[in-house]
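Please refer to the sequence and structure shown here.

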Amino acid sequence: MKILHIGSAGAIMIPFVEFVNQNFTPKEHVFMLNPEKGHSMPESENVFNLGKLPPAFRYFPRFWGMYRAEKIILHGIFDGRLLFLLMLQPWLLRKCHWAIWGGDLYDHQLGEKNFKWKIREFFKKHTIRKFGHFITHIRGDYELAKKWYGAVGKWHDCFMYPSNLYRAYPVTPHPHDGINILLGNSASSSNNHLAALENLRSFAGDNIKIYCPLSYGDTVYGDEVAEAGKAIFGEKFIPIREFMPFENYIKLLSEIDVAIFNHNRQQGLGNITTLLGLGKTVYMRADTTTWHTLTHMGLALGDSQSLELRMLPSETAAANRTIIANRFSERVLINQFRTILED
């Protein structure tokens, strides 16, 4: 085993396992994954299902693998116990590659500042600063890891997951009246739905429909968003509370005219790149690391704090599609990940 992957078997990791096994040598990779609710464990010889073990015993195979592996890729660092055990074995940290997911980084700024948060931050401070490598397509997130945790390891520019890939989906949007709006990507408070709804209030009398994905995340928060949306926009606000099959979700995105991502942190990159690849108008907060990365590529975005609901000119939408197709292709991802493996 050369590469050990540690993470959870969910919507992001399952396609990643398939991507690695199709494009690289499977026997050089081992995936030790915790199962996520609602997802099936990938069926592959190099996938170890930690869910078969009692929770307290799931750390033994992971550390056995860490000692044997040449490289360790941590797909998100949300497990405080794992960080604690890594802190006690600092000689492993130089082999660690932290694939930054977003929530694991921005918890420093946005997490509830309780006792558990303080303990978790203590563990993160004493491990992240000794990690040898950081994987993210958002340079600003690496800079924040340096600022908040004293990171000094090497940054690898890689968008990492197939969920971020550009694909030319064979969908033909149906003609419709008015403007179809997508608001956010999950029932997570970092979407800042309520502030976005207030920004949209002046358009309540216009011919619009607002589709709001709330199928995963904080159910209570999702209820609050759905109630607020209905109160302002009535039947024009359409909360999506159930998981949609992928094909149906892509079809929905093809019908969207304007997407609003009012996140106060890096989040929803797969949704954003898909919509830009479909030629859609995307609004984001201009003070996020994602905004700076995407605009640096030359992509045209709107500022979610200054909503106008104007769709992009056709030539600008076409330019966005070209940039996304070139920067988020499977060939680029293969080359980026190969660079990490060969470093």
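## Aromatic pairs

Across the whole structure, a search finds 19 aromatic pairs. In one of them, the ring centres of Trp98 and Phe131 lie 6.4 Å apart with the planes at 65°, so this pair is edge-to-face. The pair joins distant parts of the chain, with Trp98 in strand S5 and Phe131 in the loop between H5 and S6, 33 residues apart. Trp98 counts as buried because its relative accessibility is 0%; Phe131 counts as buried at 0% as well. The model is a predicted one.

Phe134 and Tyr142 form a tilted aromatic pair, at 5.6 Å centre to centre and 55° between the planes. Both of these residues are buried. One aromatic cluster is made up of Phe16, Phe19, Phe24, Phe31, Phe78, Trp101, Tyr161 and Phe337.

## Helix H5

Helix H5 comprises the 14 residues 115-128; at 1.5 Å a residue it should span 20 Å, and its end C-alpha atoms are 20 Å apart, which agrees. Its buried residues are Trp117, Glu121, Phe123, Lys124, Thr127 and Ile128. Viewed down the axis of H5, these fall within an arc of 165°, so they line one face of the helix. The face turned away from the buried side carries the exposed residues Phe115 and Lys118.

The buried residues of H5 pack against helix H3 (80-87), strand S5 (96-99), helix H4 (103-110), strand S6 (133-135) and helix H6 (139-149). At the start of H5, a side-chain oxygen of Asn114 comes to within 3.3 Å of the backbone nitrogen of Lys116.

## Charges over rings

The charged end of Lys113 sits over the ring of Trp117, 5.1 Å from the ring centre. Arg62 lies over the face of Tyr59, at 4.5 Å from the centre of that ring.

Definitions and conventions
Residues are numbered from 1 along each chain as its sequence is written. This is a predicted model: local features need pLDDT of at least 70, side-chain atom pairs count only at pLDDT 80 or more; totals for chains, interfaces and linings use all residues. Side-chain values use heavy atoms; hydrogens and water are left out. Helices (H or I, at least four residues) and strands (E, at least two) are DSSP runs, numbered from the N terminus. The expected span of a helix is 1.5 Å times one less than its number of residues. Buried means under 20% relative accessible area, exposed over 50%, partly exposed in between (1.4 Å probe, protein chains only). The arc is that of the directions from the helix axis to the C-beta atoms. Contact means heavy atoms within 4.5 Å. A polar contact is a pair of N or O atoms within 3.5 Å; within protein, one must be able to donate a hydrogen and the other to accept it, and residues adjacent in sequence count only if both atoms are side-chain atoms. Rings of Phe, Tyr and Trp (its six-membered ring) pair if their centres lie within 6.5 Å; planes under 30 degrees apart count as stacked, over 60 as edge-to-face and the rest as tilted. A charge sits over a ring if NZ of Lys or CZ of Arg is within 6 Å of the ring centre and within 35 degrees of the ring normal.
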